[in-house]
Amino acid sequence: MPRPVNSSGKVEPRRSDHDVDVVVIGGGVNGTGVARDASMRGLRVALLERNDLAFGASGNNSGLIHGGPRYMLNDPNVTAASCRDSGYIQRIAPHMLHRVPFLMPVENKGRAKIMFALIDAYFEAYDRYQPLKRGKKHAMLTAEEMQTLEPGLRGNIVGGISFDEWGIDGARLCAANAIDAGERGARILVGCTMERIERREDTGEVIAVHYRDRRTGKTGKLRTGTVINATGAWAPITASLGRIAPTRARVRPGKGIHIVYDRRLLNYAVAAQTIDDRQIFVAPWQNMTIVGTTDDDFYGDLDEVRATSEEVRYLVQGVARVFPQIHTARAIGTYAGVRPTLYAYGPHEDQLSREHQIIDHAAHDAPGVYSMIGGKLASYRIFAEEMTDILAARFDIGARCATHERPLPGGDKPIDAIELAARMEIDPVAARRLVFRHGSRSLQIAERVQDRPREAATVCTCEPVIEAEVRHVVRTEWARSVADVSRRTRLGLGACGGMRCAARCGQIVAQELDLSPREGLQQAAHFLARQAQRRAVALGPEQAQQEALAIAAVRAELGVDVRDLDEGEAA
């Protein structure tokens with residue numbers, strides 16, 4: 001792994017006049033990972049997140065904890081670290097992960113048999129990493145075997161390769177890390193934007209972090225001497241708010257989009273190639289199917305990242321060559337995120353390194369400020385460990401990292417979903433999804449239902465999500481809006497796009513946060529509008545007509561139209 005840049009090695013006393021030892025900026029997987037590790041080692045931590053946990057790339061990715069066989073040639077460290085961390089994540093959060101077997105077709109063209117043999121040899125090398133992530137070794141398959149395993153496959157292929165990966169919900173991973181940090185004393189401030197890092201004029205040392213609550217407008221200050229910039233693609237902007245040149249925390253933002261389909265269309269993930277020879281995939285993921293992903297330089301507003309119809313057609317065209325059924329499947333949405341890739345000028349986007357780096361801004365006259373750059377979801381834990389090791393040295397703390405040993409909240413023991421369903425008197429599918437998201441913490445939700453039987457009512461039938469879970473994430477996981485609840489529970493992300501559940505969710509959020517009923521309806525309307533925008537780029541003409549009628553009906557039912565909301569109400 002790359003070592004920290006210009007680490008000063010200075011020991012910083014844990015001062016009583018400081019509110020916290022360290023302020024972590026960014027509620028993605030790296031920021032929440034550091035907050036958890038630092039809290040476990042006894043540091044006083046505050047985490048600031050401008051939007052919501054997993055708002056950026058951590059909640060808008062392919063949902064794979066994978067080694068990345070394509071990184072082996074240029075970035076073998078990335079493959080090794082990702083595979084190793086995959087094994088650790090399975091240990092600390094077993095309820096969150098599910099196996100994703102991949103099939104890679106090999107086209108029957110040119111020197112196909114030679115290429116097939118070379119690919120087989122390549123995956124033999126990848127097999128060396130499989131024990132790290134508890135995966136199965138690859139297998140060579142004939143065209144007939146590929147067709148038997150996945151009848152929807154088409155095309156002239158000589159055969160294929162199977163290999164093993166793992167899937168996870170990135171938003172749940174962020175929430176679990178934040179919950180653990182919070183329960184260990186960390187202050188988790190969601191919806192609070194960092195306005196500036198106050199530093200001494202003479203030495204450049206950090207004095208405090210100033211922030212503002214975006215909902216109430218109230219300002220605050222955290223006295224500290226150490227700041228971690230874990231804001232991903234926002235890193236240069238965050239650095240500039242500390243009077244550090246943006247180029248000192250430079251990234252090359254890469255936009256990736258995914259298309260979501262209404263059900264599982266296949267049993268295996270299938271690799272495909274785009275017209276310009278980039279590798280993409282179609283995969284069963286939780287209750288749906290996703291197609292991904294693009295990799296393009298991004299220069300727009302990081303708070304408003306959306307897929308375009310051109311990007312959707314690009315992906316569908318590539319997948320249809322091996323899985324033509326994609327043309328008849330029902331797309332229900334898209335999502336997009338921006339990777340904080342290490343900066344390099346020249347290489348194509350998909351050839352950029354997925355390595356990570358810690359920058360010590362003491363070299364830039366800003367001692368006490370660090371930036372976490374690059375990285376992958378699959379290796380977040382080891383990245384956080386490296387950052388926290390630096391903090392431990394800075395504060396002369398001897399405690400070692402234990403994030404690979406101690407389970408995340410909910411990962412301490414298995415829960416039988418069928419027994420839980422019987423206990424709560426809910427549908428077994430709802431219980432299974434509850435266990436997937438919360439693990440043993442689903443027992444806390446069961447206790448709510450036992451005390452308040454009405455909360456067993458289903459709010460979102462597509463996922464499904466019950467009322468007690470909605471109230472639980474508002475009370476214990478910093479959800480403040482319908483959109484926040486959706487990230488934590490997947491409410492409204494199914495086939496109906498929230499049209500059957502957003503209004504009820506808005507009512508519950510308003511009750512829990514003591515908001516007016518109108519504010520709850522406004523949240524629901526805003527959520528529905530955003531979902532409609534994300535669906536529109538993936539819809540055909542007939543589906544678009546049905547969509548317009550459905551939206552009109554929901555607007556009439558709610559009595560609130562987001563076009564009537566001003567910018568402040570919709571935020």
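R243 lies in the loop between α6 and β12 (251-261). Helices here are DSSP runs of H or I with at least four residues, strands are runs of E with at least two, and both are numbered from the N terminus. Phi of R243 is near 60°, a positive value in a residue other than glycine. R243 is partly exposed, with a relative accessible area of 46%. Buried means under 20% relative accessible area, exposed means over 50%, and partly exposed is in between (1.4 Å probe, protein chains only).

This is a predicted model, in which local features need pLDDT of at least 70, side-chain atom pairs count only at pLDDT 80 or more, and totals for chains, interfaces and linings use all residues. Residues are numbered from 1 along each chain as its sequence is written, and side-chain values use heavy atoms, with hydrogens and water left out.

R134 also has a positive phi, near 55°, and is not a glycine. R134 sits in the loop between α3 (112-127) and β5 (139-142). With a relative accessible area of 45%, R134 is partly exposed. Most residues other than glycine have a negative phi, and most peptide bonds are trans.

Now look at the peptide bonds. A cis bond joins G292 and T293, with omega about -5°. T293 is in the loop between β15 (288-292) and β16 (296-297). The bond from E463 to P464 is cis too, with omega near -5°. P464 belongs to the loop between β20 (458-460) and β21 (465-466).

Next, step back to the whole chain. It has 17 helices and 21 strands. Its radius of gyration is 24 Å, close to the 25 Å that the globule rule gives for 571 residues, so the chain is as compact as a globular protein of that length. That radius is taken over C-alpha atoms, and the rule is 2.2 Å times the number of residues to the power 0.38. Along its principal axes, the C-alpha trace spans about 70 × 60 × 45 Å. Of the 571 residues, 60% count as buried.

Two helix residues show burial. A175, in helix α5 (residues 170-183), is buried with a relative accessible area of 2%. G506, in helix α14 (residues 502-512), is buried at 0%. The C-alpha atoms of G506 and Q522 are 7.9 Å apart, and these residues are 16 apart along the chain.

How are the strands arranged? Six of them form an open sheet in the order β7-β2-β1-β11-β19-β18, with mixed pairing. Two strands pair if DSSP finds at least two bridges between them. The edge strands, β7 (187-190) and β18 (356-360), each pair on one side only. Strands of a sheet pair through backbone hydrogen bonds, either parallel or antiparallel. Strand β11 (residues 227-229) and β19 pair in the parallel sense over three bridges. N229 stands opposite S371 in β19.

Both residues return at the cavity. The largest cavity is lined by I197, N229, T238, A239, I244, H361, V369 and S371. A cavity is a set of points on a 1 Å grid over the protein atoms alone where a 1.4 Å probe fits but cannot get out, and lining residues have an atom within 4 Å of a point. The structure holds one cavity of 30 Å³ or more. About 30 Å³ of space lies in the largest cavity, where volume is the space filled by probe spheres set on the points, joined across faces, edges and corners.

Conventions. On a 1 Å grid over the protein atoms alone, a cavity is a set of points where a 1.4 Å probe fits but cannot get out, and a pocket is an open set with protein on both sides within 12 Å along at least five of seven lines; lining residues have an atom within 4 Å of a point.
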